[in-house]
Amino acid sequence: MAEIRKADGLIDWLDQRLGVKKLTKVLMTEYWIPKNINFLWAMGVVLTALFTVLVVSGIFLLMYYKPDAKMAFDSVNYTIMQEVAYGWLWRHIHAVAASMIFVIIYIHMFVAIYYGSYKNGREMIWVSGMLLFVVFSAEAFSGYMLPWGQMSYWAATVITNLFGGIPFIGNDVVEWIRGNYVVADATLTRFFMLHVFLLPVVIIILIVVHFYSLRVPHVNNQYGEVLDFEAEEKKYLEGKKKESKVIPFWPVFLSKDIFVICTFMIFFFYLVCYHYDFAMDPVNFDPADSLKTPTHIYPEWYFLWSYEVLRGFFFSADLGLIAFGIAQIIFFFLPWLDRSSKVAPAHKRPAFFIWFWLIVLDLIVLTIYGKLPPEGMNIYVGFVASIAFLVLFIIVLPIITIVERKKGGVQ
Amino acid sequence: MAEIKRRDFLGMTLGGVTAVGAIASLVAMKKTWDPLPSVVSAGFTTADVSNMKEGELSQVEWRGKPVYIIKKNKADPFNPQRDFKIGEDVFTVGIQICTHLGCIPIFHPEEKEFLCPCHGGKFTLDGINVPGTPPPRPFDIPPFKIDGTKIVFGETGAEYQKMIGKA
């Protein structure tokens with residue numbers, strides 16, 4: 001044990017026992033961030049803030065919510081919305097934040113794709129981030145079910161039914177997941193457990209892994225430049241702050257991040273107060289009825305693109321399910337589908353640049369058509385867009401990046 | 001035979017005990033999520049069809065799922081795989097859940113077909129999926145037994161076994 005002296009203050013007392021000064025250095029004041037990154041790099045910290053907002057608002061909802069098929073609907077729509085003081089505020093905050101977190105996740109993801117931040121040493125950042133996306137999806141889905149309205153109920157029915165596509169044991173798996181022959185009370189209570197305990201804990205662990213995975217290869221920058229962090233750190237500590245290409249995370253970098261969070265929060269609370277309805281499906285204000293399907297089922301906007309891939313192969317449920325399965329995991333393999341290892345922003349890679357915007361466009365088309373009823377021309381547009389999504393990822397991306405590599409990297 | 005030392009023995013014992021414990025825990029966890037005995041045992045529904053008119057559809061709930069019963073017109077063809085007789089009357093039954101993704105299709109008596117609005121799935125009067133629409137197979141037929149003019153869902157009777165070809 002280290003020698004413990006009489007402390008000259010609280011910080012010193014803690015430092016002798018917990019090493020808080022060293023910890024602050026490692027985590028904050030000597031954690032180096034490149035200078036040439038723009039506001040798009042602040043999305044990570046916006047996500048952290050949004051997740052905190054979700055946890056806090058969730059805790060307040062949790063105190064009045066009843067995870068029981070008979071009481072759930074009224075506990076949300078009567079108790080929380082009508083009786084609890086500011087209950088409506090917590091609900092709107094929770095619902096809007098759940099939707100906004102996906103907006104920011106998608107921006108965060110596509111910034112990483114645009115600047116090649118998934119490549120060459122940063123694969124684990126990408127993979128842990130994609131794991132977060134998947135668990136966030138499960139978290140959003142399990143939460144969507146809790147108000148026990150019609151859309152909640154049928155979303156749960158459709159999604160749990162997807163497991164019926166597993167060969168041989170599909171139907172047993174579906175009944176096992178539901179705990180009943182249909183989505184019922186047992187399903188609600190176990191999804192409640194997943195939503196309020198197991199998945200949030202997994203998310204928190206994954207956030208820690210995601211942050212840690214950033215520490216060794218460091219944050220990428222706007223030019224994909226490889227920085228010698230140790231040399232740049234030395235310059236900064238010697239006082240050559242202008243010459244150094246890095247800045248400390250705290251307080252220099254975070255001050256800019258906090259500005260972005262503040263701007264975002266103004267927008268966020270504008271939505272919460274004036275446009276919360278976009279995160280509330282009107283069908284979900286009918287109580288769940290296991291014997292009547294709403295005429296048109298669709299998921300929340302952030303799942304529409306993969307939903308459209310699922311039903312895009314309108315002539316075969318099995319093909320649709322396979323394509324859907326691929327769409328769920330294909331992003332994980334991005335670092336290996338992109339066969340050019342040089343890190344550069346998309347506008348320095350002409351073919352990749354076109355590919356990037358095609359993917360964005362295709363996802364927008366899939367999202368729009370995922371919401372439209374599957375009739376007439378819609379099914380063909382959905383089919384073409386689904387095919388395009390798979391082809392762009394599995395065939396086009398490896399080809400253009402192999403060509404790029406043969407030409408000797410980026411221009 | 002290789003020599004087994006005391007430490008190897010301890011290691012193997014520890015590994016064995018851990019494996020048994022892990023498997024036992026997984027089994028327990030799996031069974032905790034299985035449907036409860038009360039859910040499994042409450043799986044019978046009886047429907048009296050003596051008052052049904054020809055061409056009419058009635059619905060009963062069985063194991064939380066909607067089951068339709070149609071009394072077919074005399075003019076409609078008889079499909080031994082999907083239809084059965086009570087006396088002279090022809091009936092057809094099925095679980096009215098789309099075999100695509102589990103929505104509940106709506107019956108349109110004029111067109112004599114079921115239409116699932118979610119993904120455009122169609123089924124004929126006999127509950128057979130219309131080719132070119134998403135559902136991969138006909139409506140499932142729930143096990144049933146005929147008891148006079150009543151149909152008991154959840155029990156397996158001779159007519160059911162004949163229909164699914166296991167009699």
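Predicted model: local features only at pLDDT ≥ 70, side-chain atom pairs only at ≥ 80, totals over all residues.

The side chain of Asp140(B) is in polar contact with the side chain of Arg137(B), at 3.2 Å. Asp140(B) sits in the loop between β8 (121-124) and β9 (144-147) of chain B. With a relative accessibility of 35%, Asp140(B) counts as partly exposed. Once residues up to four places away in sequence are set aside, Asp140(B) touches Gly94(B) and Ile95(B). The C-alpha atom of Asp140(B) is 8.4 Å from that of Gly127(B), a residue 13 positions apart from it along the chain.

I turn now to a lysine in chain B. Is Lys72(B) buried or exposed? Lys72(B) is buried, because its relative accessible area is 5% and the cut-off for a buried residue is under 20%. Lys72(B) belongs to the loop between β3 (65-71) and β4 (83-86) of chain B. What does its side chain meet there? The side chain of Lys72(B) makes a polar contact of 2.7 Å with the side chain of Asp126(B). Beyond four places in sequence, the residues in contact with Lys72(B) include Glu54(B), Asp83(B), Val90(B), Thr92(B) and Leu125(B).

Another lysine of chain B, Lys53(B), is exposed, with a relative accessible area of 58%. Lys53(B) is found in the loop between β1 (45-48) and β2 (57-62) of chain B. Between Lys53(B) and Asn73(B), 20 residues apart in sequence, the C-alpha to C-alpha distance is 9.0 Å.

Next, the interface. How many residues of chain A are in contact with chain B? The contact involves 28 residues of chain A and 25 residues of chain B. The area buried between the two chains is about 2,400 Å², and carbon and sulfur atoms give 65% of it. On the chain A side, Trp176(A), Tyr181(A) and Leu291(A) lose the most area to chain B, together accounting for 30% of what that side buries. The count of salt bridges between chain A and chain B is 0, while 3 residue pairs are found in polar contact across the interface. Four helices of chain A, namely α7 (150-161), α8 (170-178), α9 (185-215) and α12 (304-312), each supply at least two residues of the side that touches chain B. The largest share, 4 residues, comes from α7(A). By residue class, that side of chain A divides into 17 nonpolar, 7 polar and 4 charged residues.

Ile113(A), leaving aside neighbours within four places in sequence, is in contact with Tyr118(A), Trp126(A), Phe331(A), Leu334(A), Phe352(A), Trp355(A) and Phe356(A).

Finally, the salt bridges. Over all chains, the count comes to 17 salt bridges. One of them joins Asp338(A) and Lys119(A), whose closest N and O atoms are 3.3 Å apart. Asp338(A) lies in the loop between α14 (334-337) and α15 (350-371) of chain A, and Lys119(A) in the loop between α5 and α6 (123-145) of chain A, so this pair ties together parts that are 219 residues apart in sequence. Both Asp338(A) and Lys119(A) are buried.

A further salt bridge is formed by the side chains of Lys245(A) and Glu225(A), at 2.6 Å from N to O. This pair links Lys245(A), in the loop between α10 (229-237) and β2 (246-248) of chain A, with Glu225(A), in the loop between α9 and α10 of chain A. Lys245(A) is partly exposed, at 38% relative accessible area, and Glu225(A) is also partly exposed, at 28%.

In chain B, Lys145(B) forms a salt bridge with Glu155(B), with 3.4 Å between the closest N and O atoms. Lys145(B) is in strand β9 of chain B, and Glu155(B) is in the loop between β10 (150-153) and α3 (158-163) of chain B. To close, salt bridges that share partners join Lys119(A), Asp338(A), Arg349(A) and Glu404(A) into one network.

Conventions. Residues numbered from 1 in each chain as written. Chains lettered and ligands numbered in written order. Heavy atoms only, no water. Buried < 20%, exposed > 50% of the residue type's maximum accessible area, 1.4 Å probe, protein only. Polar contact = N/O pair within 3.5 Å; in protein donor to acceptor, adjacent residues only side chain to side chain. Contact = heavy atoms within 4.5 Å. Buried area = accessible area lost by both parts, 1.4 Å probe. Salt bridge = Lys/Arg side-chain N within 4 Å of Asp/Glu carboxyl O. Nonpolar A, V, L, I, M, F, W, Y, C, P; charged D, E, K, R; others polar.
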